[in-house]
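Hi,

Here is the structure I promised to pass on to you. Have a look at it first, and then read my notes below.

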Amino acid sequence: MEFDYANRLKMLPPYLFAEIEEKVEKKKKEGMDIIDLGIGDPDLPTPRPIVDFIKHELDDPDNHRYPSSAGEADTRRAIARWYKERFNVDIDPNGEVAILIGSKEGLANICRAFVNPGEKVLAPDPAYPVYAQGAALLTDAVPVRFPLLPEKGFLPDMESLPDDARMIYLNYPNNPTGAVCDKTFLLKAHRWCNETNTIFCYDNAYSEMTFDDYVAPSAIEVGHSDGIIEFGSLSKTFNMTGYRIGYAVGDAKLIAGLKKVKSQIDSGAPKFLQRAVTMSLGEYKNGQRPQMLQDNIAVYQERRNVLVNGLRKLGFKVKPPKATFYLWLKVDGPSLEFAETMLNAGIVVTPGIGFGKNGEGYVRMATTQSVERIEEALERMSKVL
Ligand SMILES: Cc1ncc(COP(=O)(O)O)c(C=O)c1O
């Protein structure tokens, strides 16, 4: 039987990260000790109270059945309550909240609901690859990348963007650069979206992973449910990447379109995970992160400091990022070559080119290893650079 990939699948660029994974596996098989600072996947376990809660929930047969594809009412209410407490915005739990099987699927599915083949979708460069690929290309839309430049704090120049796109993705705290934004920027972005009739998709997956005195805003704060949809996730917040649970809030029409697509494709996130959302977000008091989360953040902050100080000693000019567990490092020469040198020393870093052409000349390091392993990586770097 002869068949080929559909054209839209052929449009996808080679998945650099899979190629790196292959090389890493090969090195491991050869017996090399690998320090993986490549992948944005927390090494720390999910906080014990959440694990215990989920274990207990599994004993309830109600959790064994199909969930509601609209999202469980209690969970939608818990998310609305959390938005009130954390961002002081009023969300209608009935029309303005969707529950996702991780935010990634929502970021991709929103495109299917509102973008026609051939229409433009604006995606940052560098960026999390889903916006341009899983969302735009797999919807037969046209991804248009716009640069995030260091001299602009990795924020886009909104006025210079094409005004004829259907949708734009923005993401702060940012993967891969670790950059953050303030409400003034979000207000500017929202105004621009309104003027140009562009749907505003805001990826706030790292809103709770912030350091020092920085508190991440929500796009909903600046333009409540007016052409905005914001995506959030428990993945990074509570070290829960493996569970697959996230949410979207915003414009009732955008939420309704997203739910319509999802109702044809999936049958909702498992109920016990939705209940874990209710439980964990319910731990916030007066908008403050619960202790279990503060403990986590303290670990990432210490690792960040160790990595930044170590890199400075090696001669790199780096600023400690105010959010995310990423460090966006400017390197000499092509990012692939730098990553290869690192790999030969047993360190995995992600070449910036994998996030778009403006990522060239950078590598991303994730602080998903212990302080001791980060120190060991710095030691190895000092020998090969
Ligand atoms: C910027 C950004 N958004 C969204 C996601 C997806 O998170 P999840 O699907 O686990 O909720 C990630 C994961 O790495 C990410 O880096």
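Let's start with strand β7 (residues 228–233), which is mostly covered: 6 of its 6 residues are buried. Buried here means under 20% relative accessible area, while exposed means over 50% and partly exposed is in between, using a 1.4 Å probe and the protein chains only. Strands are DSSP runs of E with at least two residues, helices are runs of H or I with at least four, and both are numbered from the N terminus.

Before going on, two housekeeping points. This is a predicted model, so please keep in mind that local features need pLDDT of at least 70 and side-chain atom pairs count only at pLDDT 80 or more, whereas totals for chains, interfaces and linings use all residues. Residues are numbered from 1 along each chain as its sequence is written, and side-chain values use heavy atoms, with hydrogens and water left out.

Back to β7. In a regular strand the side chains alternate between the two faces of the sheet. In β7 both faces are covered: I228, E230 and G232 are buried on one side, and I229, F231 and S233 are buried on the other.

Who are the neighbours of β7? Two strands pair if DSSP finds at least two bridges between them. Strand β6 (residues 199–203) runs parallel to β7, with 4 bridges between them.

Zoom out and you'll see an open sheet of 7 strands with mixed pairing, in the order β2-β8-β7-β6-β5-β3-β4. Its edge strands are β2 (97–100) and β4 (142–147), each pairing on one side only. From one strand to the next, the twist averages 20° (axes are lines fitted to C-alpha atoms, and angles run from 0 to 180 degrees between N-to-C directions).

There is another open sheet, with 3 strands in the order β9-β12-β11 and antiparallel pairing. β9 (326–330) and β11 (350–351) are at its edges with a single partner strand each, so one side of each has no neighbour in the sheet. β11 and strand β12 (residues 362–366) are linked by 2 bridges, and P351 has V363 as its bridge partner.

Now the ligand. Of the 15 residues around it, D203, S233, S235, K236 and R244 come nearest; a residue counts as near if one of its heavy atoms lies within 4 Å. A nitrogen atom of the ligand is 2.5 Å from an N or O atom in the side chain of D203. For S233, a side-chain N or O atom is 2.6 Å from an oxygen atom of the ligand, and for S235 the distance from a ligand oxygen to a side-chain N or O atom is also 2.6 Å. On its own the ligand has 400 Å² of accessible area, and the protein covers 92% of that (Shrake-Rupley method, 1.4 Å probe).

Last, some helices. Helix α5 (residues 103–114) has 12 residues, and 9 of them are buried, including L107 and F114. In helix α7 (residues 183–196) you'll find H190, which counts as buried because its relative accessibility is 7%. The C-alpha atoms of H190 and G227 are 8.4 Å apart, although 37 residues separate the two along the chain.

Cheers

How values were computed: Expected span 1.5 Å × (residues − 1). Polar contact = N/O pair within 3.5 Å; in protein donor to acceptor, adjacent residues only side chain to side chain.
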